[in-house]
Amino acid sequence: MNPAIVLTDVRRSFGSKAVLRGVTASALPGKVIGLLGRNGEGKTTLFKILLDMLAADSGSVQVLGQSPDGTGSLRQSVGYVPERPAFHGFMTVGEVLAFRSSLFKGWHAGKADKLVQDLGLDPATPIRGASKGTLGKVAWVCAAAHDPSVFLLDEPTSGLDALVREDVLNHLIGELHDGFKTLLIANHRMEELAGVLDEVWLLQGGVIRSVHPVETLRTQACRLTGRLKEGAVLPAGLPVVSLRTDGPVLELVVFERSLADMLAASGSFESLERAPLALGESLKYLLRLSEGGRHD
Amino acid sequence: MIEYAKLELRKNRVLFIGMALTFLGSIPFAAAMTALNRQGALAGFNAVLLFWTILGLPLIAILFGASSGAGLRAETAQEAESPLPVSPRCRAGGAVAACLAHVLLLGMLILLTSAVISPAWRETLFSGALASTFVRAFFTLTLFTLATLLLSSFIAAYAIGQGIVGGVLGALIGGTAAGALSLGLGLQAVFEVRAAFTTLALFSMAVSLPAGLFALDRLAAWVERRPKRGWREGFLIALATTLGSLAACAAFAHAYHRLTRSLTIAAAGDAFYPWISTRNDDVLFPGARRVSRKGVLLHSFEGGLIWMTPEGDRAPLIPARPRSFTELLGYLYFWDRIESVLWDADGGLWVLVAPDQADPVHQLWHGWIGRPFSLHSRLEGRRPYQLVRRGSELGMLAWGDATEDGSYAPIPPRGARPRWVTLGMKRSDFLLRGWEEAGLAARLSADGRTLTRRTPDGRTRRWTLPGKGPAAAVVKPTALGGQTLFALQLRLKDGGYALALCRPDGTVTTHWPSADGASYWLETAPDGSAWGWRNGLTLHLAAPDGALLPPLDLEPIARAALGEKTRLERWGNRLLRREAFGAGRTLTRWGTGAVRIEGTRAWLVLNHRLLVVVDAATGKLLSRWELPAYSDARRYSDTTFHIAESGFFLHTGRRLYFIDWAGTRRDLGAA
């Protein structure tokens with residue numbers, strides 16, 4: 001099966017600041033992938049490159065076998081929900097959808113109407129002055145109505161109230177997951193999506209530092225609590241999140257069983273206890289890992 | 001792109017409606033203001049319409065371009081539009097198209113309102129004036145100006161994301177292009193022949209707009225996707241944006257350079273009225289004839305007078321005085337410093353030099369070819385414009401408010417002031433009276449049946465005519481076959497016409513009878529031959545020995561020389577002549593005529609394109625040579641063509657050639 005998204009050594013700088021330093025990853029069709037990374041790591045930049053809204057300095061990008069070529073045609077087969085949805089203020093919701101329908105070849109009016117209904121949108125609502133939630137919903141309709149195979153969701157629940165967020169998370173994303181769509185989602189509250197994720201990409205330092213199958217996280221991530229032997233130290237740079245250090249007592253989160261086994265077998269601990277982690281918690285700690293929470 | 005254009009139309013509709021209302025509101029406002037000042041409402045209408053046409057529309061184009069360019073770059077527009085499945089090129093192109101549509105709609109509104117309110121505009125629009133070259137050029141230039149101002153403002157504002165600065169930059173870039181083309185076309189309007197600019201202007205326009213669109217395309221990709229391209233891409237975009245302005249400036253500089261380096265044939269005498277023309281007077285006087293047809297007089301743009309031989313040897317007669325560009329603008333209509341030249345009977349040359357900033361009075365120079373010319377007089381007070389021959393006397397005409405108010409003065413002795421007299425009658429009558437008083441011209445009787453010549457010593461010669469000539473007309477002499485005689489058209493008793501030649505021995509002979517008019521004005525060639533037209537289709541030829549040849553039908557000659565489908569222009573069809581001049585398949589009267597007759601062989605020039613030799617007795621085409629291609633802007637044979645003894649000079653608008661009687665062409669260089 002050919003990957004829906006392939007990124008090979010993608011680099012992008014803004015002036016002297018290198019944001020992406022060689023992103024390499026691929027996503028199989030039907031997978032829901034969470035993109036974890038701290039602020040400014042380049043998640044939005046990566047999305048824009050995937051959408052052909054921004055040119056990569058080097059490397060190759062393929063979405064559904066198509067490379068960004070500057071024509072914007074790639075966006076016909078991608079649904080995009082931006083972090084801050086924006087539409088022309090002089091339009092109403094209905095006019096926004098009508099305008100988009102004239103640009104997207106695969107626009108499905110029936111589907112758009114159903115989404116409008118499901119999300120409780122009023123087509124007559126003027127965009128100027130509309131709430132963040134309304135704009136978010138409109139963005140969802142715009143992203144989904146042309147029935148794309150790949151979705152890029154950049155903080156899709158940002159600004160949505162709890163009810164809407166639940167709607168989006170449980171209803172829309174689940175439906176897309178079931179429909180064998182490929183989703184790449186950046187979300188600071190990734191734990192909300194725990195139920196639908198297949199994989200998590202950890203973006204750090206401008207590269208995909210690690211890829212974590214969610215099943216592995218679910219079954220192998222654990223909390224380790226132990227007392228270090230006198231004079232023993234943990235090797236630096238281990239992919240663990242340090243939760244607490246109280247003299248020789250350490251509390252760590254590890255995401256792979258093999259690492260936990262390695263620590264247990266290292267002889268550095270007088271005692272070491274393992275406690276399984278809920279997936280939501282694992283994702284939360286992964287984000288901390290991406291934010292520099294690793295053990296030094 | 002269409003959807004995007006629609007979106008942009010909607011985005012700018014407030015601005016559009018605002019501008020339309022401002023325009024409509026300004027009309028009654030201006031009318032009221034002028035009415036209050038007791039100048040009449042129409043003056044207000046015209047002033048405000050002139051403002052909107054000349055200044056308002058270009059400002060609107062800049063406003064739309066700059067606001068749309070900056071708007072497209074604005075963060076809100078970027079966020080709303082960049083995720084859409086269209087290319088940056090489409091976005092930018094659609095925005096420009098929408099702006100252009102708005103500007104053109106406003107232009108149409110202004111134009112139609114002008115047509116409703118202003119009688120002058122109505123006449124321009126609906127009375128066929130649109131077909132005129134000048135109006136077409138104005139509209140083309142206006143459309144280009146609007147397009148280039150809009151595009152450059154859009155590009156500048158889009159590039160820097162700032163409407164006001166972008167508008168200023170766009171106005172500078174587009175305004176430079178439009179200004180250079182306006183100046184160039186203005187020069188062409190004044191110096192038609194010497195500053196041909198239409199092709200250069202069209203070339204500049206053809207370069208400007210595609211280059212601007214290319215810049216927009218590259219810029220859109222750069223601005224939207226921000227690829228790593230560096231200063232080379234920036235330079236390319238800047239170059240493409242300004243290429244139109246650079247091309248227009250280069251075109252203008254080229255035209256101006258050509259203009260200032262150009263040489264123009266200086267035709268001696270005048271040709272205001274064919275029947276009193278002094279153009280060929282030199283052939284009446286052997287002294288003048290010996291010199292005047294051995295070369296050609298050329299005046300340079302910078303005011304010099306040059307004598308050039310068929311071999312291309314140049315002898316400066318009057319020195320040139322280079323002038324600055326600003327001086328050119330100040331003296332646009334009085335640029336030709338060499339205002340008039342005239343041969344005297346001895347072969348000397350008189351030259352009237354117009355004033356300029358360095359010397360604000362007319363100067364009269366005199367000299368002989370091959371000898372230095374000298375300043376004869378400074379003519380303070382009046383504004384002479386023409387050297388004329390008034391019988392045996394040479395003089396000057398000066399302007400008056402009406403033709404009768406003009407003044408005349410004989411050429412004064414060296415250094416003396418001219419003694420001006422008011423004409424008190426039409427210029428032609430005044431001049432002919434001089435010819436008559438000198439005994440050189442003859443006058444028809446009131447019944448047109450006798451021609452009388454009175455010499456100053458009191459002798460009288462009277463010819464009784466076998467028909468009726470124009471009543472009381474004065475007839476200038478014609479040189480033919482070594483004789484000075486009088487040629488005039490007679491209406492015969494049978495209702496037909498014929499050319500009457502009144503010879504010095506008192507005899508009258510009639511020739512070339514015709515039902516529809518005869519040649520009453522014979523053009524004299526340097527070899528002593530003469531020729532005239534009938535109906536624009538028949539040539540009447542007289543050999544240097546005075547032998548009158550049978551009428552020569554031009555139709556078969558034209559078909560043989562120019563092609564079977566050649567159309568023949570008739571007399572008086574002025575419009576056709578203007579449209580068809582230079583066309584390959586129409587024989588036109590301008591540029592067609594006889595240049596030499598030897599025995600029964602006649603050398604004819606057709607349309608200034610072909611030199612042919614025909615057997616005048618049979619009309620058979622004997623030889624045919626293509627002449628150098630000339631600019632179709634050169635409508636006037638006075639500055640195109642000069643017949644000399646051994647051939648003729650042809651000014652193509654770009655170069656000067658000499659063609660001898662064997663058809664050999666000699667390139668005498670850029671002119």
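Tutor: B:Leu488 stands opposite B:Ala500, a residue of β19 in chain B. The model in which this pair is found is a predicted one. The strands concerned, β18(B) and β19(B), are antiparallel and share six bridges. Strand β18 of chain B covers residues 483-491, and strand β19 of chain B covers residues 497-502. Five residues lie between these two strands in their hairpin, where B:Gly495 has a positive phi near 95°.

The hairpin of β17(B) and β18(B) has two residues between the strands, and B:Gly481 takes a positive phi near 55° in it.

Strand β19(B) is also joined to β20(B), by five bridges, and these strands run antiparallel. B:Tyr497 stands opposite B:Ser514, which belongs to β20(B).

The four strands form an open sheet in the order β17-β18-β19-β20 of chain B, with antiparallel pairing. Because β17 (477-480) and β20 (508-514) of chain B each have a single partner strand, they stand at the edges, and one side of each is left without a neighbour in the sheet. From one strand to the next, the twist averages 35°. As a general point, side chains in a regular strand alternate between the two faces of the sheet.

In soluble globular proteins, nonpolar side chains tend to be buried together. The largest nonpolar core here has 170 residues, of which A:Val141, A:Leu152 and B:Leu150 touch the most other members. Helix α3 (residues 41-73) of chain B gives the largest share of this core, 13 residues. Apart from this core lies another, of 98 residues, and B:Tyr497 is among them, as are B:Val351, B:Trp435 and B:Tyr630. The surroundings of B:Leu150 can be listed too: leaving aside neighbours within four places in sequence, B:Leu150 is in contact with B:Ala61, B:Phe64, B:Gly65, B:Cys99, B:Leu100 and B:Val103.

The two chains also meet. Their contact takes 17 residues from chain B and 22 residues from chain A. On the side of chain B that touches chain A, the elements giving two or more residues are α1 (2-11), α4 (75-81) and α9 of chain B. The residues of that side are divided into eight nonpolar, three polar and six charged. Helix α9 of chain B, residues 198-225, has 28 residues and reaches 40 Å from its first C-alpha to its last, close to the 40 Å expected at 1.5 Å a residue. After α9(B) comes B:Arg226, with a positive phi near 45°.

Key. Residues numbered from 1 in each chain as written. Chains lettered and ligands numbered in written order. Predicted model: local features only at pLDDT ≥ 70, side-chain atom pairs only at ≥ 80, totals over all residues. Expected span 1.5 Å × (residues − 1). Pairing = 2+ DSSP bridges. Axes fitted to C-alpha atoms, helices over the stretch in contact; angles between N-to-C directions. Contact = placed C-beta atoms within 7 Å. Nonpolar A, V, L, I, M, F, W, Y, C, P; charged D, E, K, R; others polar. Core = buried A, V, L, I, M, F, W, Y, C linked by C-beta atoms within 7 Å. Buried ≥ 20, exposed ≤ 12 C-beta atoms within 10 Å, placed from the backbone.
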